[in-house]
Amino acid sequence: MTEKEQMQKNVEEFDRLQRFMTLVDDKESNVYKAMKERYITLKVILTASGINLTELDRIKE
């Protein structure tokens, strides 16, 4: 997989994960906490790769 393909995959996963996170009612649930961990990981990866998350980040945590 090329770097561009990996970056696209990460952006798509970040977008999908945020949509799932907005559907969770209980932000203290184990499911939400697990999603938030992945959200933070993806946010770090994308930021370190030079992706500007200003427009992409709907959760903003």
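Contact, in this tour, means that heavy atoms lie within 4.5 Å. The structure is a predicted model, in which local features need pLDDT of at least 70 and side-chain atom pairs count only at pLDDT 80 or more, while totals for chains, interfaces and linings use all residues. Residues are numbered from 1 along each chain as its sequence is written, and side-chain values use heavy atoms, with hydrogens and water left out.

**The whole protein**

Begin with every residue displayed. The protein has two helices and zero strands; helices (H or I, at least four residues) and strands (E, at least two) are DSSP runs, numbered from the N terminus. Its C-alpha atoms fill a box of roughly 35 × 25 × 15 Å along the principal axes. Of the 61 residues, 26% count as buried. Here buried means under 20% relative accessible area, exposed means over 50%, and partly exposed lies in between (1.4 Å probe, protein chains only).

**Helix H1**

Next, select residues 3-23, which form helix H1. The end C-alpha atoms of H1 are 31 Å apart, in agreement with the 30 Å that its 21 residues should span at 1.5 Å a residue. The expected span is 1.5 Å times one less than the number of residues.

Now colour Met7, Asn10, Phe14, Leu17, Gln18 and Met21, the buried residues of H1. They cover an arc of only 105° around the axis, and therefore lie on the same side of H1. The arc is that of the directions from the helix axis to the C-beta atoms. An α-helix has 3.6 residues a turn, so residues three or four places apart point the same way. Turn to the other side of H1, where Lys4 and Leu23 are exposed.

What do the buried residues of H1 pack against? They pack against H2, which is the next selection.

**Helix H2**

Select residues 30-48. This helix, H2, has 19 residues and reaches 27 Å from its first C-alpha to its last, close to the 27 Å expected. Its residues Tyr32, Met35, Tyr39, Leu42 and Leu46 are buried. Because they cover an arc of only 85° around the axis, they are on the same side of H2. Helix H1 is included in what covers them. The face of H2 turned away from this buried side carries the exposed residues Asn30, Glu37, Val44 and Ala48. Just after H2, select glycine 50, which takes a positive phi of about 90°.

Lysine 36 is in helix H2. Leaving aside neighbours within four places in sequence, lysine 36 is in contact with Met21 and Glu61.

Lysine 43 counts as partly exposed, at 23% relative accessibility. Which residues does lysine 43 contact, leaving aside its neighbours within four places in sequence? They are Phe14, Leu53, Asp57 and Glu61. Phenylalanine 14 is 29 residues from lysine 43 in sequence, with their C-alpha atoms 7.6 Å apart in space.
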